[in-house]
Amino acid sequence: MKSSQQIVNEAKARIVEVSVQELASALQDHHAILIDVREPDEYIQGYVDRSVNYPRGVLEMRIHQHPSVGSNCDSMAALEQLSAKPIYLICRSGSRSALAADSLKNMGFTQVLSVAGGFQAWLDAGYPTER
C-alpha cells in the first residue's frame with residue numbers, strides 16, 4: 001500500500017518541476033501553454049492569466065480541445081500540435097500538477113512542466129491573479 005504522498009513523490013521523480021519565477025518568465029513567451037488542473041470552484045476563486053482550466057480528472061480527455069489548437073483538427077492532430085509547445089501545469093500546491101505532468105508524459109508529451117508550490121507559491125511570490 002502507498003500513501004498519496006508517496007505516489008506524488010514518485011511522479012515528481014519522473015517529471016520536471018519549475019519555479020513560479022520560471023513560469024512568469026515563460027508566460028512572456030506566447031508559445032507557452034498554462035493549464036490549471038484545479039477544480040472549477042478553486043479556479044474561479046483566482047487564477048493565473050492565460051491559464052485554461054482542465055481539472056485533473058478530465059485533463060487527458062480534454063487537452064486536445066485546448067484553445068491554441070486549430071478548430072479543424074482531429075484529436076490526434078491537436079495532440080501533435082500541442083506536443084510541440086511547452087505545457088506548464090499548475091494546481092494549488094504542486095501535487096496534482098505533478099501527477100498530471102506524469103500522465104501527460106505517459107501520453108507522449110515531452111515538454112510538460114509542473115509548477116512547484118502551485119498557485120499558492122504564485123500568490124506568495126506576489127504575482128498577479130485574475131478572477
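Biologist: Which residues does Ser97 touch, leaving out those up to four places away in sequence?

Modeller: Keep in mind that this is a predicted model. Ser97 sits in helix H6, residues 95-107. Skipping residues up to four places away, Ser97 touches Val37, Leu89, Ile90, Cys91, Ser114 and Val115.

Biologist: And is Ser97 buried or exposed?

Modeller: Buried means under 20% relative accessible area. Ser97 comes in at 0%, so the call is buried.

Biologist: Let's talk about the largest nonpolar core. Which element gives the largest share of this core?

Modeller: That core has 21 residues, and Ile35, Leu59, Ile63, Ile87, Leu89 and Leu104 have the most contacts inside it. The largest share is four residues, and it comes from H6.

Biologist: What does Leu59 touch, again not counting residues up to four places away?

Modeller: Leu59 is one of the residues with the most contacts inside that largest core. Beyond its sequence neighbours up to four places away, Leu59 touches Ile35, Val37, Tyr54, Ala100 and Leu104.

Biologist: How are helices H1 and H6 oriented to each other?

Modeller: H1 covers residues 4-14, and its axis is 9 Å from that of H6. The two pack at an angle of about 55°. Angles of 65 to 115 degrees would count as roughly perpendicular and those under 35 as roughly parallel, so H1 and H6 are oblique.

Biologist: What's the handedness of the crossing of H1 and H6?

Modeller: Ile7, Val8, Ala11, Lys12 and Arg14 of H1 meet Ser95, Ala98, Leu99, Asp102 and Lys105 of H6. The crossing there is left-handed.

Key. Residues are numbered from 1 along each chain as its sequence is written. This is a predicted model: local features need pLDDT of at least 70, side-chain atom pairs count only at pLDDT 80 or more; totals for chains, interfaces and linings use all residues. Side-chain values use heavy atoms; hydrogens and water are left out. Buried means under 20% relative accessible area, exposed over 50%, partly exposed in between (1.4 Å probe, protein chains only). Contact means heavy atoms within 4.5 Å. A nonpolar core is a set of buried Ala, Val, Leu, Ile, Met, Phe, Trp, Tyr and Cys residues joined through side-chain atoms within 4.5 Å. Axes are lines fitted to C-alpha atoms, for helices over the stretch in contact, and angles run from 0 to 180 degrees between N-to-C directions. Angles under 35 degrees count as roughly parallel, over 145 as roughly antiparallel, 65 to 115 as roughly perpendicular and the rest as oblique. A crossing is left-handed if the near helix is turned anticlockwise from the far one by less than a right angle, and right-handed if clockwise.
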